[in-house]
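Work through the exercises below with the sequence and the model open. Each task is followed by a solution in steps.

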Amino acid sequence: MLSAVMRRVIESFPSAFALPEKVLGRMISVEEKARELLNRISDRLSGSLEAVVAGPHAGRAGTDAAETIIGFLALLELMKQGLFDVRQKTMFGEIELKRL
């Protein structure tokens, strides 16, 4: 009985489909983004997570989500290395970064 129910659930899943291919205009590594973040935050010594990770092109048309994700990964790596202090004063509040 349970196997019949599970079979019906699995059969109700949509069938697999091919995702469209996307050609990346510019490749950027986490290491390259980490250097960029270090340079940007060293100029200001602190900043909000959104402003630092999104970078100078934030909010502009054509800003690539992949670049924002790479920026976040780079920031996590820099935090792991102990180069940044991260603070959030309130739940769901702005996250502030400070270079150590």
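**Confidence and conventions**

The score is pLDDT, the predictor's confidence in each residue on a scale from 0 to 100. Helices (H or I, at least four residues) and strands (E, at least two) are DSSP runs numbered from the N terminus. This is a predicted model, in which local features need pLDDT of at least 70 and side-chain atom pairs count only at pLDDT 80 or more, while totals for chains, interfaces and linings use all residues. Residues are numbered from 1 along each chain as its sequence is written, and side-chain values use heavy atoms, with hydrogens and water left out.

**Exercise 1. Overall description**

Task: State how many helices and strands the protein has, and give the order of its elements.

Solution. 
- Step 1. The count is 4 helices and 3 strands.
- Step 2. Read from the N terminus, the order is α-α-β-α-α-β-β.
- Step 3. For confidence, the mean pLDDT is 78, and 81% of the residues reach 70 or more.
- Step 4. Of the 100 residues, 22% are buried. Buried means under 20% relative accessible area, exposed means over 50%, and partly exposed lies in between (1.4 Å probe, protein chains only).
- Step 5. Among contacts with a separation of 6 or more, 46% join residues 24 or more positions apart. A contact means heavy atoms within 4.5 Å.

**Exercise 2. A nonpolar surface patch**

Task: Which residues form a nonpolar patch on the surface?

Solution. 
- Step 1. Apply the rule: patch residues have over 30% relative accessible area and no salt bridge; like charges are joined within 9 Å, and nonpolar side chains (Val, Leu, Ile, Met, Phe, Trp, Tyr) within 5 Å.
- Step 2. The patch consists of M1, L2, V5, M6, V9, I10 and F13, with about 760 Å² of accessible area together.
- Step 3. Take L2 as one of these residues. L2 belongs to helix α1 (residues 2-12), and it is classed as exposed because its relative accessibility is 64%.

**Exercise 3. Salt bridges**

Task: How many salt bridges does the protein have?

Solution. 
- Step 1. The rule asks for a side-chain nitrogen of Lys or Arg within 4 Å of a carboxyl oxygen of Asp or Glu. Side chains of opposite charge can pair when their charged atoms come close.
- Step 2. The rule gives 3 salt bridges.
- Step 3. K33 and E36 pair at 3.2 Å, N to O. They are about one helical turn apart, because 3 residues separate them in helix α2 (residues 30-44). K33 is buried, at 0% relative accessibility, whereas E36 is partly exposed, at 25%.
- Step 4. K80 and E77 pair at 3.5 Å, N to O. Both lie in helix α4, 3 residues apart, about one turn of the helix. K80 has a relative accessible area of 67%, so it is exposed; E77 has 28%, so it is partly exposed.
- Step 5. In the pair D85 and R87, the closest N and O atoms are 3.0 Å apart. D85 is partly exposed, at 23%, and R87 is exposed, at 55%.

**Exercise 4. A hairpin**

Task: Do strands β2 and β3 run parallel or antiparallel?

Solution. 
- Step 1. Strands pair if DSSP finds at least two bridges between them.
- Step 2. Strand β2 (residues 84-88) and strand β3 (residues 95-99) are joined by 5 bridges and run antiparallel.
- Step 3. D85 stands opposite K98 in β3, and Q88 has I95 as its bridge partner there.
- Step 4. The hairpin has 6 residues between the strands. F92 lies in this loop, and its phi is near 65°, a positive value in a residue other than glycine. With a relative accessible area of 77%, F92 is exposed.

Definitions and conventions. Areas by Shrake-Rupley, 256 points an atom, 1.4 Å probe, with all protein chains shown as cover.
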